[in-house]
Amino acid sequence: MSNDPSWSAVEAYLVDNLLSDDYPAAKIYQANKAADLPPIDVAPTEGKMLQLMVRMAAAKHVLEIGTLGGFSAICMARGLPDGGHLTTIELSERHAAVALQNIREAGVADKVTVKVGAGLDVLPTLDPNKKFDFVFIDADKANVPNYYEWALKLTHPGSIVVVDNVVRGGAVVNSETQDENINGVRRLIESLKSDPRVSTTALQTVGTKGYDGFLVAYVL
Ligand code: DHB
Ligand code: MG
């Protein structure tokens with residue numbers, strides 16, 4: 001599926017008009033590019049959506065699985081009240097170092113802890129009695145169902161779990177795919193039909209990042 005140029009034009013228009021000048025997206029993308037990180041950060045409008053979702057949920061404790069260069073972490077941290085905190089987990093030490101620098105420069109270092117390691121190694125080390133109000137899952141897609149289970153262990157009724165990249169250019173509907181990333185997402189989506197623990201939806205998105213989508217689960 002090829003990208004329609006109007007998707008990026010509209011994204012730029014929305015960014016120009018809706019996201020305030022102090023928004024750190026361009027600076028962070030630049031820093032990530034200079035450090036040779038893959039350009040798979042969330043789009044600016046999506047980052048702002050995450051910020052607003054954290055705020056709408058009145059979340060105080062946020063967990064992110066998959067930091068990359070820290071753009072989404074910064075966005076969510078900006079949605080936190082004073083005293084709020086975000087823990088973000090990153091596999092790559094190099095990516096985590098770039099993220100920490102970006103987080104410092106964005107002025108949210110006091111609100112963010114970056115933990116380095118594989119999600120499935122770090123998650124069991126978190127205090128199971130400290131529940132998160134909001135979880136953003138944006139790491140390797142093959143493990144999405146495992147991250148989702150950890151998210152439910154570490155949340156409470158009323159928490160929100162958001163999963164990035166659940167459409168992947170439309171590939172999510174390909175039942176024949178051998179791609180373990182697509183199959184990870186498919187396993188989660190298909191399990192939710194009979195999951196009484198959550199109320200869910202997903203939205204398709206287009207923009208500078210192409211055609212994708214995100215899933216939202218409200219923990220019951
Ligand atoms: C990929 C990962 C992401 O989290 C994303 O938002 C886009 C692409 C990827 O691994 O290709
Ligand atoms: Mg993503």
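Predicted model: local features only at pLDDT ≥ 70, side-chain atom pairs only at ≥ 80, totals over all residues.
**Sheet and packed helices**

Seven strands make up an open sheet with mixed pairing, and their order is E3-E2-E1-E4-E5-E7-E6. Strand E3 (112–116) and strand E6 (198–207) are at the edges with a single partner strand each, so one side of each has no neighbour in the sheet. From one strand to the next, the twist averages 15°.

Strand E4 (residues 132–137) pairs with E5 in the parallel sense, over five bridges. Phenylalanine 134 has isoleucine 160 in E5 as its bridge partner.

Helix H1 (residues 5–18) packs on the sheet and touches E6 and strand E7 (210–219); the direction of H1 makes about 105° with that of E6. H3 also packs on the sheet, where it touches strand E1 (61–65), E4, E5, E6 and E7. The direction of H3 makes about 165° with that of E4.

**Cavities**

The model has two cavities of 30 Å³ or more.

| Cavity | Volume | Lining by class |
|---|---|---|
| Largest | about 80 Å³ | seven nonpolar, no polar, two charged |

The largest cavity is lined by Val42, Glu46, Met49, Leu50, Met53, Phe136, Val162, Asp164 and Phe214. Helix H3 (44–56) and strand E5 (155–164) are the elements that give two or more residues to this lining. H3 supplies four residues, the largest share.

Around the second largest cavity, the lining consists of Ile40, Asp41, Val42, Gly66, Thr67, Leu68, Gly69, Gly70, Phe71, Ser72 and Asp138.

How values were computed:
Residues numbered from 1 in each chain as written. Chains lettered and ligands numbered in written order. Heavy atoms only, no water. 1 Å grid on protein atoms, 1.4 Å probe; cavity = no way out; pocket = protein on both sides within 12 Å on 5 of 7 lines; lining within 4 Å. Points joined across faces, edges and corners; volume = space filled by probe spheres on them. Nonpolar A, V, L, I, M, F, W, Y, C, P; charged D, E, K, R; others polar. Pairing = 2+ DSSP bridges. Axes fitted to C-alpha atoms, helices over the stretch in contact; angles between N-to-C directions. Contact = heavy atoms within 4.5 Å.
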